[in-house]
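Reader: I have a model open and would like to go through its architecture with you. Could we begin with one of the helices?

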Amino acid sequence: MKTFLFPGSFDPFSLGHQDIAKRAVKLCDRLIVAVLNNRGKEPVFSAEERVSMAKECMSEVDGVEVIFHDGLLVDLYRQINASAVVRGLRGESDFRIEAEMAAANKLLLPEYDVILLPCSAEMVFISSSTIKEVAYFGGDISRMVNPRIVDFVRSKIAERKAKI
Ligand code: PNS
């Protein structure tokens, strides 16, 4: 049983994430999409909201589970007996970050490995930060997130904007 782990903060889950997950699941028997906390970023969406958005986006794809993990990625990797982590690459700057993260994780867990999938051309400019920025100013995010979560993302960002 080959289990791949697709971790991220998914704040929110984008069409880019969806594209990587759909391609990754074809390369393994089971894909675990894991919502984690990135200590370098303050999430806009709660852990429950991020899990629920990822579940909605993955609901039509077989072989995918979505979970939340509050802790180190390598601990989850060991717990689920993962064969590899999958991460998407939009460009050169992502590669640098991913190479650093992979090296640190490998120091913690020697059997740790990572598969870096280049994102599809139409996803190169989609990031969770862009989605939040566009939604904040009332722009159209319908080509950046799954239609199932567009309204939720818009309303959550609008609600936050109203509070500021
Ligand atoms: O979507 P992101 O923010 O690029 O994902 C980064 C994430 C959440 C995968 C990373 O920050 C992470 O693994 N966090 C869990 C804590 C951990 O293991 N940190 C060590 C990474 S070297």
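Author: Helix α4 covers residues 92-108, which makes 17 residues. From its first C-alpha to its last, α4 reaches 25 Å, close to the 24 Å expected at 1.5 Å a residue (the expected span is 1.5 Å times one less than the number of residues). Helices (H or I, at least four residues) and strands (E, at least two) are DSSP runs, numbered from the N terminus.

Reader: Before we continue, what kind of model is this, and what should I know about the values?

Author: This is a predicted model, in which local features need pLDDT of at least 70 and side-chain atom pairs count only at pLDDT 80 or more, while totals for chains, interfaces and linings use all residues. Residues are numbered from 1 along each chain as its sequence is written, and side-chain values use heavy atoms, with hydrogens and water left out.

Reader: Back to α4, then. Which of its residues are buried?

Author: D94, E98, A102 and N105 are buried in α4. Buried means under 20% relative accessible area, exposed over 50%, and partly exposed in between (1.4 Å probe, protein chains only).

Reader: Why do they line one face?

Author: Viewed down the axis of α4, the buried residues fall within an arc of 70°, so they line one face of the helix; the arc is that of the directions from the helix axis to the C-beta atoms. The face turned away from this buried side carries the exposed residues E92, R96, E100 and L107.

Reader: What covers the buried residues of α4?

Author: The cover includes α3 (73-79), β4 (84-89) and β5 (114-118). Contact here means heavy atoms within 4.5 Å.

Reader: Let us turn to the sheet. What is the strand order?

Author: Five strands form an open sheet in the order β3-β2-β1-β4-β5, with parallel pairing; two strands pair if DSSP finds at least two bridges between them. β3 (64-68) and β5 stand at the edges with a single partner strand each, so one side of each is left without a neighbour in the sheet. On average, neighbouring strands of this sheet are turned by 30° against each other, direction ignored.

Reader: And which strands does α1 touch?

Author: Helix α1 (residues 15-25) packs on the sheet and touches β1, β2 (30-35), β3, β4 and β5. The direction of α1 makes about 120° with that of β5. By contrast, α4 touches β4 and β5 of the sheet, and its direction makes about 160° with that of β4. Axes are lines fitted to C-alpha atoms, for helices over the stretch in contact, and angles run from 0 to 180 degrees between N-to-C directions.

Reader: Last topic: the backbone. Where is the cis peptide bond?

Author: The peptide bond from D11 to P12 is cis, with omega near 10°. P12 is found in the loop between β1 and α1, and F10 has its place in the loop between β1 and α1 too. F10 is not a glycine, yet has a positive phi of about 45°.

Reader: Is F10 buried or exposed?

Author: F10 is buried, with a relative accessible area of 2%. N81, in the loop between α3 and β4, has a positive phi near 55° and counts as exposed at 62% relative accessibility.
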